[in-house]
Amino acid sequence: MAMASSSLYLFVVLIVMVIKMKIVYGDIYKVGDTAGWTTIGNIDYKQWAKTKTFRLGDIIVFEYNPEFHNVMQVTHAQFRSCNASSPIATHTTGNDSITITTRRHHFFLCGVPGHCQAGQKLDINVRQHHSRSHSPAVPPAAVPTVSPNLANFITPTCPIFGSLVLRFSILFYFFS
Ligand code: CU1
């Protein structure tokens, strides 16, 4: 019985770790999916971004042939006018990962003449006060204090009731 309880406890710890890692590291999005960052095929990057919900910690990956393209982070005005003359940052490796660390619009374009005008531009919008759909019901800071209490509750008292509570709390994590 003690072994069953400790493996349950390990299971809870594992789940908490996975949730915390999701929060810290976020999701990885490859711009344009299989097509990547290109002018070929008239990819609608506005539509691509529209179908995603970007959050802090998410990683935006630009994959392209560096002989033909680049990635420039620009201001909103530069984005609108496709002005690549003074970007905030320039990436040229062909496999650039950009981690989103602030809640605002992040504007990108390809600085090769004509490419932005042809639609190679991307607006990543990280909205204010947007919580993850699969986030725990309790704030992340409160998570570590929850699991030891739960383990203490499970071990000495009633194992069946304890495991029910555990199952309920796991369901609560995933469906709340
Ligand atoms: Cu380009």
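## Strand pairing and core of a predicted chain

Strand 3 (residues 71-74) pairs with strand 4 in the antiparallel sense, over three bridges. Strands here are DSSP runs of E with at least two residues, helices are runs of H or I with at least four residues, and both are numbered from the N terminus. Two strands count as paired if DSSP finds at least two bridges between them. Within this pair, Gln-73 stands opposite Ala-89 of strand 4.

The model is predicted: local features need pLDDT of at least 70, side-chain atom pairs count only at pLDDT 80 or more, and totals for chains, interfaces and linings use all residues. Residues are numbered from 1 along each chain as its sequence is written.

The chain holds five helices and seven strands, in the order α-β-α-β-β-α-β-β-β-β-α-α from the N terminus.

Another open sheet has three strands in the order 1-2-5, with mixed pairing. Its edge strands are strand 1 (28-30) and strand 5 (95-99), each pairing on one side only.

| Strand pair | Bridges | Opposite residues |
|---|---|---|
| Strand 3 and strand 4 | three bridges | Gln-73 and Ala-89 |
| Strand 2 (residues 59-63) and strand 5 | five bridges | Ile-59 and Thr-99 |

Of the 176 residues, 20% are buried, meaning that 20 or more other C-beta atoms, placed from the backbone, lie within 10 Å of the residue's own. The largest nonpolar core has 18 residues, and those with the most contacts inside it are Val-31, Phe-62, Val-71, Phe-108 and Leu-109. Such a core is a set of buried Ala, Val, Leu, Ile, Met, Phe, Trp, Tyr and Cys residues joined through C-beta atoms within 7 Å. Strand 2, strand 3, strand 6 (105-109) and strand 7 each give two or more residues to this core.

Leaving aside residues up to four places away in sequence, Val-71 touches Trp-37, Phe-62, His-91, Asp-96, Phe-108 and Cys-110. A contact requires C-beta atoms, placed from the backbone, within 7 Å. Of the contacts in the chain with a separation of 6 or more, 74% join residues 24 or more positions apart.

How values were computed: Buried ≥ 20, exposed ≤ 12 C-beta atoms within 10 Å, placed from the backbone. Contact = placed C-beta atoms within 7 Å.
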